[in-house]
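Subject: Structure for you to look at, with notes

Dear colleague,

I am passing on a structure that you have not worked with before, and I would be grateful if you kept it open while you read. My notes on what was found follow directly after it.

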Amino acid sequence: MPAAQPPASPERTDPACPDPAGAAPQPAGAAPEPAGAARAKGRPRSAAADLAILDATRAALAELGWGGLTMGHVASRAGVAKTTLYRRWPSKNELVVDAVASLFDELVMPDLGSLRADIEAVVTQLADLLARPETQAALLALFAEGTRDRQLRRRIRESIVDPQKRLVRQGRAAAQARGEVEADTDAASAREEVDIIFDTIAGTVEHRVLVSGEPITPEWTRRFTDLLLGPLFAC
């Protein structure tokens with residue numbers, strides 16, 4: 001009967017070692033899922049690993065371009081095993097989209113007391129973000145590849161474009177609460193207006209920074225905001 005004890009020891013230690021478990025075939029990688037306690041203990045380290053991986057992805061993309069970027073390059077830069085990388089992102093497309101999306105999550109809609117001030121603040125934030133070399137390299141590579149890959153284009157819309165429309169919705173809600181603009185009366189029309197406003201701001205700023213290469217100055221931002229708000233306050 002004592003001989004039955006040793007096999008239990010290796011099985012208890014495997015889940016505690018992330019890399020060996022990740023190197024096993026897919027069924028073995030899925031086995032630890034029910035062990036909630038073991039998964040919970042690894043959460044803080046997973047969050048740190050995710051951050052390192054996303055940072056490494058953008059750096060590698062800026063240096064190597066889309067064609068030269070591999071999952072192996074990212075894993076090496078981030079200091080993680082490739083199995084760790086593939087557990088989180090099954091493909092390069094998903095990894096790069098998330099790496100870019102994490103940059104845009106930095107944008108916030110302030111409540112500065114007026115719609116004009118809020119718009120100018122967001123335009124400035126977006127311009128500063130797009131001015132970063134890592135943002136430019138990542139976005140241009142991602143958009144170029146998206147023109148050839150329908151599924152990637154859909155992921156860009158779902159993971160990067162659509163989530164940022166929250167800024168417009170927040171700005172409209174604040175302006176409505178201040179009485180600057182009328183409350184929404186039709187949900188479908190409100191969604192269309194949010195889409196148009198977002199496309200106008202994001203498209204204009206991205207074109208000026210990424211395509212034209214022109215600076216976005218405070219004066220330019222004020223004039224752009226005048227044109228954007230003109231029809232709204234014309235009546």
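A word on contact before anything else: two residues touch, or are in contact, when they have heavy atoms within 4.5 Å of each other. Please also bear in mind that this is a predicted model, in which local features need pLDDT of at least 70 and side-chain atom pairs count only at pLDDT 80 or more, while totals for chains, interfaces and linings use all residues. Residues are numbered from 1 along each chain as its sequence is written, and side-chain values use heavy atoms, with hydrogens and water left out.

The overall picture

The protein chain has 13 helices and zero strands, where helices (H or I, at least four residues) and strands (E, at least two) are DSSP runs, numbered from the N terminus. Of its 235 residues, 33% count as buried, a word that stands for under 20% relative accessible area, with exposed meaning over 50% and partly exposed what lies in between (1.4 Å probe, protein chains only). Among the contacts in the protein chain with a separation of 6 or more, 63% are accounted for by residues 24 or more positions apart.

Around helix α9

Which residues does Leu142 touch, not counting those up to four places away in sequence? They are Trp66, Val96, Val97, Val100, Leu152, Ile156 and Ile160. Leu142 lies in helix α9 and counts as buried, at 0% relative accessibility. From Leu142 to Leu152 the separation is 10 residues in sequence and 8.6 Å in space, C-alpha to C-alpha.

Glu145 also has its place in helix α9, and at 17% relative accessibility Glu145 counts as buried. Once its neighbours within four places in sequence are left aside, Glu145 is in contact with Trp66 and Leu152.

Lys92, which is in helix α7 (residues 92-104), touches Trp66, Leu69 and Met71, again not counting residues up to four places away in sequence. Lys92 is buried yet has no salt bridge, and the nearest side chain of opposite charge, that of Glu145, is 7.0 Å away.

Salt bridges

Side chains of opposite charge can pair when their charged atoms come close.

Arg132 and Glu134 meet in a salt bridge at 3.6 Å, N to O; Arg132 is partly exposed at 30% relative accessibility, and Glu134 is partly exposed at 25%. These two residues belong to a network of salt bridges that links Asp55, Arg58, Glu106, Arg132 and Glu134. In the salt bridge between Asp162 and Lys165, the closest N and O atoms are 3.4 Å apart; here Asp162 is partly exposed, with a relative accessible area of 29%, whereas Lys165 is buried, with 12%.

The second largest pocket

The second largest pocket has a volume of about 800 Å³. On a 1 Å grid over the protein atoms alone, a pocket is an open set of points where a 1.4 Å probe fits, with protein on both sides within 12 Å along at least five of seven lines, and lining residues have an atom within 4 Å of a point. Of the 39 residues that line this pocket, the closest to its centre are Val168, Glu193, Ile197, Phe198 and Ile201. Helix α12 gives the most to the lining, with 12 residues.

With kind regards

Conventions. Grid points are joined across faces, edges and corners, and a volume is the space filled by probe spheres set on the points. Lys and Arg count as positive and Asp and Glu as negative; His and the chain ends are not counted. A salt bridge is a side-chain nitrogen of Lys or Arg within 4 Å of a carboxyl oxygen of Asp or Glu.
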